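Please look over the sequence and the model before reading on. The report below is meant to be read alongside them.

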Amino acid sequence: MLADSVPIYPLYALLFVDSGLSDLQISLLFAIWSAVGVLVEVPSGVVADRFSRRGCLVAGDIIRAVGFAAWVLLPEFAGFAAGFVLWGIGSSLVSGAQEALLYDGLVAAGAREHYAAVNGRVSAAELTSQLPAAAAGTALFSLGGYQLAGWVSVGVALLAALLASRIPEAPRTDEDDDEGEELGYLATLKVGLSEAAARDGARAVLVAVMAVAAFDSVEEYFPLALASWGVPVAWVPVVDLPIVLAGVLGASAAGLVNRLGAGALGALLAVAMLLFGAAGLLAQPVVGVAATAAFYGIYRAVVVVCDARLQDRIASHSRATVTSVAGLGTDVVSFAIYAAWVVGEVPALAALGLLVAAALPRLLRSRPGAPTPGPGSAARR
């Protein structure tokens with residue numbers, strides 16, 4: 001929660017505009033940010049598997065802090081671009097490593113079955129962080145402008161790194177981990193990428209995670225949808241809060257939703273998409289917010305459960321790598337989300353979501369079984 005309670009988050013778009021950047025330059029910054037994620041996502045997962053998941057969390061927060069400092073010290077396009085490159089690298093280091101650290105920690109504690117519930121609480125905390133970030137950003141900006149908000153953001157990221165360094169890191173849980181630790185970077189990458197194809201049911205669930213998690217991008221469009229439904233611009237952040245809180249509740253309920261079968265999960269996601277589509281078609285503020293909140297709450301629960309099903313199917317020594325592959329796929333699939341918005345806004349997004357919901361039961365129906373040896377495993381033994 002602390003890592004995401006960064007005061008500059010709700011302000012950085014305004015910082016770019018006030019620094020004289022054009023719409024094209026701002027869009028280019030976002031493109032740079034996304035491109036870094038695509039390039040670094042999987043290699044960062046390999047680093048986490050090869051060395052330390054906790055170390056990746058610490059390094060990720062420190063690198064983000066340096067990126068925020070670049071925005072403050074060099075408030076022009078080059079400085080903002082450098083900040084986004086660092087932010088993208090830092091986020092990629094955390095992605096995959098965080099899930100792997102949590103899952104293996106629960107396995108070591110004899111609580112593997114609680115992963116969905118605990119990771120749901122993590123997701124809820126990340127969403128809840130938007131509230132203090134918004135409040136702190138407003139207060140700090142009124143006291144010292146972007147400079148103060150930026151330097152406090154640097155401090156918050158460094159404090160998050162300090163807390164991350166205190167998280168215990170459990171030993172890898174697989175029988176072949178001793179051999180796995182001897183692998184170099186490229187060998188770890190090869191084993192990790194082969195994990196999804198070689199282990200029972202992992203490939204289909206990996207595709208499910210990519211497709212479902214890509215819809216996290218719709219959050220960026222909530223303010224635009226609210227404004228198009230007649231909500232005054234000044235009130236959009238306040239009106240958006242029920243949607244955020246619904247996401248918090250949904251993520252918190254992931255432990256309960258995890259008890260559902262694949263068919264029920266697909267049906268639940270379909271209901272959510274229908275609600276979202278209805279909100280777009282009706283285009284009324286009250287009904288739209290209520291329906292969108294219901295959609296987002298259900299969605300946040302389903303995406304956490306899909307991640308839990310994936311974690312059950314992959315090995316400890318390549319957990320962060322495979323999870324990062326899922327993150328890479330999510331980034332790629334997200335471009336379909338962007339295209340759907342251009343084509344038909346909320347109804348088009350909901351239609352695309354119904355296709356994913358229809359495919360979800362088949363993708364999740366495979367059950368985790370005994371690990372299937374991947375390439376090179378026989379030689380290591």
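Predicted model: local features only at pLDDT ≥ 70, side-chain atom pairs only at ≥ 80, totals over all residues.

Residues are numbered from 1 along each chain as its sequence is written, and side-chain values use heavy atoms, with hydrogens and water left out.

The protein chain has 18 helices and zero strands, where helices (H or I, at least four residues) and strands (E, at least two) are DSSP runs numbered from the N terminus. Of the 381 residues in the chain, 50% are buried; buried means under 20% relative accessible area, exposed means over 50%, and partly exposed lies in between, with a 1.4 Å probe and protein chains only. Contact means heavy atoms within 4.5 Å, and among contacts between residues at least 6 apart in sequence, 85% join residues at least 24 apart.

Helix α16, which covers residues 285-311, has 27 residues and reaches 39 Å from its first C-alpha to its last, close to the 39 Å expected at 1.5 Å a residue; the expected span is 1.5 Å times one less than the number of residues. Most of α16 is covered, since 22 of its 27 residues are buried.

The axes of α6 (residues 115-128) and α16 come within 9 Å and cross at roughly 135°, the axes being lines fitted to C-alpha atoms over the stretch in contact, with angles from 0 to 180 degrees between N-to-C directions. The two helices, α6 and α16, are therefore oblique to each other, a word for angles that are not under 35 degrees (roughly parallel), over 145 (roughly antiparallel) or 65 to 115 (roughly perpendicular). Residues of α6 that include Y115, N119 and S123 meet residues of α16 that include Y296, R300 and V304. An α-helix has 3.6 residues a turn, so residues three or four places apart point the same way.

Two residues other than glycine have a positive phi, A283 and E345. A283 is found in the loop between α15 (262-282) and α16, whereas E345 is found in helix α17 (residues 319-364).

The table lists relative accessibility for some single residues.

| Residue | Relative accessibility | Class |
|---|---|---|
| C56 | 3% | buried |
| C306 | 1% | buried |
| A283 | 29% | partly exposed |
| E345 | 40% | partly exposed |
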